[in-house]
Structures are given as structure tokens and as C-alpha cells.
Amino acid sequence: MSEQSVQEVALRVALERAIARKSDEYDRRAREYAAQLTRTKLDKTQVRGLETLAITTDKVSDIIDWLKLRVGRDSGRERWAKEGIGRDLVNELEWLREDARKIVEDARKIVDELRGGEHTAFAQTVDPDLERQVHLRLCREFLKHLTAHFEYLKAERER
Amino acid sequence: MSDLEYWLKRRQKIAAWSDRWQAEAARFADSHRDLLPKRITNTQLYSLGNVVRSARRYADIERFIRRQAEKAERTGRLDVQGYWNDLKDALGKLHDEAQALLKTLLSPRTSGREDLDMLHRELARLYVQHLIAHSLYWTPVKEESEQ
């Protein structure tokens, strides 16, 4: 395996670990949002719709636009616009960009350390789109927890 | 570059562009917020969305916007005319964006005029998607029916 391949694998492993760690951190916050969502008129299909979109799209902006539209269309303020839940969620997902930036920065450092502390050409040529892709992954993780908690809490309520 | 590689790369570039330009489209919506939703209605925005999604050439989008501007001018709604003219300029500028994006794909097929027009339409569609979402976000449907 070439030296560059080793670095690429190291970068991927570092990213996967960091994303998994962040995902665990998001669990509690996602549960709080889910609890708030159960007090709206939203049903499982609508919340699952958001998760499905997050899994299938390749753009963070699609997720944000989807939420913004639902907030805008909720004239009765009983669903996504109730008590600002949709707006808070939009902000929350946008803030995950900062986590993505930090994750990519740390992963690059790990690769640099592999090279004995040198700031390598490889580290500099890491895909410039990487931060955005990690941001998308973090949004998916957050929404995965949100949907799971929502369905669980909703079922508990209806029992 | 194989066909699959080309289309995957193109898709990724467009996705990155869309995420980058969401803020720009939101800024456009914010700078015309006083016209929403009474002067520029949600129905007009949805019509724009439909035209952008179904257009076969970029000229079709431009024609729709020009017609909206002319209609506003005839009825003396100069602020509304200004909105459509500003939007025509904003979407027109995406031609350069499409050209720059095609250049980065470094493929012989990117030289075609049709390909450039297709990409220009795609970027316009994404810009308008962001614009509509952000416009409705700050001017919920309720306000429109109340006024």
C-alpha cells in the first residue's frame, strides 16, 4: 500500500471515529427536540420524511430548505412552527457545520502526525468538499436520533 | 474520465455549489422581505418554482421573469418590477457560475452549449429552491391570508 493510501485510510478512520463520537453526543439533545415534537400535531410519517430526505440527499441545503418550507407552511403553528421548534432545528443543523469543521481539522492533524509532524502535501490536498460532506453526515446522525426518540416517545404517549 | 466518474463528480460539484449559494439566495430574499408576502405573493413564488423546474431552456425562465416584470410595470408596481428585474440579474449571473463549474470538470463534453444551458438551469433551479424556502420561512402562509 502506498504512503498516500495509508494516509487516506488513516483520514477515513479518524473521520469515522469522530463522527461516531459526535453522534453519541447528539443523542441527548435530539431526545429533547423529539420530546418537544411529540407535543405538536406531527406524526411519524412527517418526521420520518425528514430523516429519509437526509439519508437520500447529497446536500445539507436540501434538508434546511425542507424544514424552512414546512415552518413557512404551518399557518396554524401546530406542527413544525409550534413554539419555534422548526426554527430551532434549522439553527441546530446549521451549527453542526462548526463540529464538521473541527472534525476535519483534527483528522488532518492526525494524518500530519503520521508523517512525523510534517504538514504534508497530502494534508493540503484533502478534498476541499470534505467539511461539507462531514456536515451532511452529522445532520443525518442528528436526525436519526431525533426520529428514533420521536417514534419511541410518541408510542409511549399513545400507550 | 469515465462516464460514471464524470456524472458523480458533476453531482458532487453541484451539491457543493448549492450548499455554498444557499446563503446568497437567502440574502436576496432578505433584501426584498418588505415585498413579501403581499406584493410578491407565495403563489407567484410557487409559479416561479414550477417554471424553473419544468423549463427546457434557460430562456424560458428568463421569459417568465421578464413577463412578471412587465406586468408589474403596466400596473405601476415599480417595487415589484424591481424585484423581478433583480431576480433576472441574479439568475443571469449564474451563467458564469455554470461556465466556471463546467471548466473544473475538465471533460470534452463540457464544451457543448446545450450542456452549459442545462447546468445554468440546474443552478437556477437550486437558487430558486433556496429563495422560495427562505421567503416562506420568514413570511408564513398565515400572514398572506390575513392581509
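**View 1. Helices H5 and H6 of chain B pack at an angle of about 120 degrees.** The axes of H5(B), residues 94-105, and H6(B) lie 9 Å apart in this predicted model. Angles of 65 to 115 degrees count as roughly perpendicular and those over 145 as roughly antiparallel, so H5(B) is oblique to H6(B). The crossing of H5(B) past H6(B) is right-handed.

**View 2. Side by side: the residues where H5(B) meets H6(B).** H5(B) brings B:Leu94, B:His95, B:Glu97, B:Ala98, B:Gln99, B:Leu101 and B:Leu102.

**View 3. Chain B touches chain A.** Here 16 residues of chain B are in contact with 16 residues of chain A. Helices H1 (3-31), H6 (113-138) and H7 (141-146) of chain B each supply at least two residues to the side that touches chain A. Which helix gives the largest share? H1(B) does, with seven residues. On this side of chain B, seven residues are nonpolar, six polar and three charged.

**View 4. Chain B is built from seven helices and zero strands.** Its pattern along the sequence reads α-α-α-α-α-α-α. The C-alpha trace of chain B spans about 55 × 30 × 20 Å along its principal axes. Of its 147 residues, 34% count as buried. Among contacts in chain B with a separation of 6 or more, 73% join residues 24 or more positions apart.

Notes
Residues are numbered from 1 along each chain as its sequence is written. Chains are lettered from A and ligands numbered from 1 in the order in which they are written. This is a predicted model: local features need pLDDT of at least 70, side-chain atom pairs count only at pLDDT 80 or more; totals for chains, interfaces and linings use all residues. Helices (H or I, at least four residues) and strands (E, at least two) are DSSP runs, numbered from the N terminus. A residue is buried if 20 or more other C-beta atoms lie within 10 Å of its own, exposed if 12 or fewer, and partly exposed in between; C-beta atoms are placed from the backbone. Two residues are in contact if their C-beta atoms, placed from the backbone, lie within 7 Å. Ala, Val, Leu, Ile, Met, Phe, Trp, Tyr, Cys and Pro count as nonpolar, Asp, Glu, Lys and Arg as charged, and the others, Gly among them, as polar. Axes are lines fitted to C-alpha atoms, for helices over the stretch in contact, and angles run from 0 to 180 degrees between N-to-C directions. Angles under 35 degrees count as roughly parallel, over 145 as roughly antiparallel, 65 to 115 as roughly perpendicular and the rest as oblique. A crossing is left-handed if the near helix is turned anticlockwise from the far one by less than a right angle, and right-handed if clockwise.
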